[in-house]
Amino acid sequence: MPIVRLDEPTIRRIAAGEVVERPASVVKELVENALDAGARTIRVEIAAGGRELIRVLDDGCGIPPEELPLAVERHSTSKLQRFEDLARLSSYGFRGEALAAISAVSDFELASRVPGASHGARLRVRFGKPGRVEPVGMPPGTTVTVRDLFATVPARRRFLRQDTTETAYIQRALTALALAHPEVRVELVVDGRTVLATPGRGHLLDALVAVFGADVAAQIVPIEPDGDREVIVHGAIGLPSVSRANRQSLFLLVNGRWIESRSLVAAIEQAFHTLLMVGRYPIGVVAVALPPDRVDVNVHPTKREVRFADERAVAAAVHDAVRRTLLAHLPDRPPPRVTFDPLTPPVVERRLLVADPSRAPAPIATAPAEPARSETREAGDDRTGSRLPVLRVLGQLRQSYIIAEGPDGMYLVDQHAAHERILLERLLDELATRGVERQRLLQPLVLELSPEQCAACERYASELAELGWEIELFGVASVAVRAVPAVVQRNIERVLVAVLDELASGGRATTPLERIAISTACHAAIRAGQELTLSEMRDLIRQLEQCRAPNACGHGRPTVVHLSTEDLERHFGRR
Ligand code: ADP
Ligand code: MG
């Protein structure tokens, strides 16, 4: 084939593919335009997952009639004049591509009225072919209507998912923008039903209430900004009690832009380490502010990804800020010194040892995982004070659960999970202070191991020794165990093998030292199915009362179920 110049509609449709991936990208671009236009109110209406209709109405600065044709042309923008301006840019847009791209693949209409004008004007563009500018009566601001998205691009249309999925993408995008701009009233109407409406009063907390509901928002706490560094982390993060089963409720902002970043998400999840069950994810808005020359926003046509000059430093700052916030909200600590917004009423401290029964329809409330101090480097951060009330042991259920009475009702304690928590805190305390207490065996215990287990022994020899495991390799597949952590009272072989298997499988985002501590605690703990005497149970409960984070084991599973007096009375129809 000879080389020819592509015609303009073809060029547009190819380019459109980059910017407009799915209906949610259209919503994001249009709402960002409205934000750039200084809108105070933005309303988004969609039908059939955005396929049939996307309409974005704003009350921003508008576009004069004579500029409407230009607005839908490629590379036309009012936001950037020279490339050098890019570094100092405070607007979302700068590429001048979105309207051109969207109007190339939809039945599109741009209507706008600048404040002070007696009426507005509109321009319809059908799949890349612009019509004539016509006058129209409308309030000041801009309304963009997109119908039949991708009707002429079957490949893209086939690629779209079910309406509900596309709607979810749209809702997530709009939620992110709403949280980034608490000063703007943002509304989303899906098939005639309002699903999101922020008040636009300028407070992040208000926006969080609109997004998550008051109960969940009450458990989202401000991240205290840390001003010592170039990277400032702020926003608000949900306590472990309000985690979700997916990552869709955590939003990242960099210099006010909503972005996706695996490394920052990983840093946040790492900060929750041992506080959340496997498969549970944090919620909140984590915002990063840094000098504009330390971040490049122009790496992706949709600007969803950014490049940091020093990504590790940003991730470390995010991790530390989130971790610090979580630790500051352990029980028995004074409320945070700094609140993120002096105009906002302080976050209601509604953190309870166990979930508030009045908020849970189910009669039994499971204790949420409380933040635990589980990293040795936070050893200086000492907290005593018991988190569980003093409990009176009544008995054992199924040789697995301890039934106890407290000042407010009944407590069911999982004996294995509770013991695991006790041992973990003991190991971590010892590690952080005088070193892990070890018990020397009278005779070395010789064990046959698999090659993987031997390799783990060799590779993590120093970490194992630090936690009390003194092991010597001899031969290809045997080891001699000379000393064990004092917490391991029996079944040495079984515990060690489990620890080595967990080390060998690598896995989760934890240090080897943490992995050894967690699995040692888990496998040394008493099991379910073991009968306990009353005094053993009392002992266990006493120790659990001393724990800093008694409500979850090292793997984040709950240890305690609480049935309050009120629950009981309600259940038996006494109130
Ligand atoms: P960009 O946002 O990168 O400048 P767009 O194609 O999204 O490119 O928009 C082109 C131009 O149209 C913008 O620079 C702006 O001047 C104008 N515009 C788009 N949407 C709006 C709006 N909602 N209100 C006012 N002006 C708008
Ligand atoms: Mg734009």
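**Helix packing and selected loop residues in a predicted model**

The crossing of helices α6 and α7 is right-handed, a crossing being right-handed if the near helix is turned clockwise from the far one by less than a right angle, and left-handed if anticlockwise. Helices (H or I, at least four residues) and strands (E, at least two) are DSSP runs numbered from the N terminus. The model described here is predicted, and local features therefore need pLDDT of at least 70, side-chain atom pairs count only at pLDDT 80 or more, and totals for chains, interfaces and linings use all residues. Residues are numbered from 1 along each chain as its sequence is written, chains are lettered from A and ligands numbered from 1 in the order in which they are written, and side-chain values use heavy atoms, with hydrogens and water left out.

Taken as a whole, the chain contains 17 helices and 24 strands. Of its 575 residues, 51% are buried, where buried means under 20% relative accessible area, exposed over 50%, and partly exposed in between (1.4 Å probe, protein chains only). The accessible surface of the chain amounts to about 27,000 Å², and carbon and sulfur atoms account for 52% of that surface; such areas come from the Shrake-Rupley method with a 1.4 Å probe, and for residues only the protein chains shown count as cover. When contacts (heavy atoms within 4.5 Å) are taken between residues at least 6 apart in sequence, 68% of them join residues at least 24 apart.

The pair that opened this account consists of α6 (residues 163-180) and α7 (residues 204-212), which pack at an angle of about 160 degrees with their axes 9 Å apart. Axes are lines fitted to C-alpha atoms, for helices over the stretch in contact, and angles run from 0 to 180 degrees between N-to-C directions. The angle between these two helices therefore makes α6 roughly antiparallel to α7, given that angles over 145 degrees count as roughly antiparallel, under 35 as roughly parallel, 65 to 115 as roughly perpendicular and the rest as oblique. On the α6 side the contact is made by Thr-175, Ala-178 and Leu-179, and on the α7 side by Leu-204, Ala-207, Leu-208 and Val-211. By class, this contact holds six nonpolar residues, one polar residue and no charged ones, with Ala, Val, Leu, Ile, Met, Phe, Trp, Tyr, Cys and Pro counted as nonpolar, Asp, Glu, Lys and Arg as charged, and the others, Gly among them, as polar.

Not counting residues up to four places away in sequence, Leu-196 touches Leu-174, Thr-175, Val-186, Glu-187, Leu-188, Ala-210 and Val-211. Between the C-alpha atoms of Leu-196 and Phe-212, which are 16 residues apart along the chain, the separation is 9.8 Å.

A second pair is formed by α9 (residues 262-271) and α10 (residues 311-328), whose axes lie 8 Å apart at an angle of about 30 degrees, so that α9 is roughly parallel to α10. Here too the crossing is right-handed. Among the residues making the contact are Leu-264, Ala-267 and Ile-268 of α9, together with Val-314, Val-318 and Val-322 of α10; by class, the contact has nine nonpolar, three polar and two charged residues.

The contributing residues include Arg-494, Val-495 and Glu-502 of α14 and Arg-515, Ile-516 and His-523 of α15, and the contact as classified has seven nonpolar, three polar and three charged residues.

Several loop residues complete the description. Phe-150, in the loop between β7 (141-147) and α5 (154-159), has a phi near 65 degrees, a positive value in a residue other than glycine, and is buried at a relative accessible area of 2%. Asp-191, likewise not a glycine, has a positive phi of about 45 degrees; its loop runs between β8 (185-190) and β9 (193-197), and with a relative accessible area of 53% Asp-191 is exposed. Ser-241, in the loop between β11 (232-238) and β12 (250-254), counts as partly exposed at 32% relative accessibility, and its C-alpha atom is separated by 8.5 Å from that of Leu-276, 35 residues apart along the chain. Ala-552 lies in the loop between α16 (534-546) and β24 (560-563) and is buried, with a relative accessible area of 2%. The C-alpha atoms of Ala-552 and Thr-274 are separated by 8.3 Å, although these residues are 278 residues apart along the chain.
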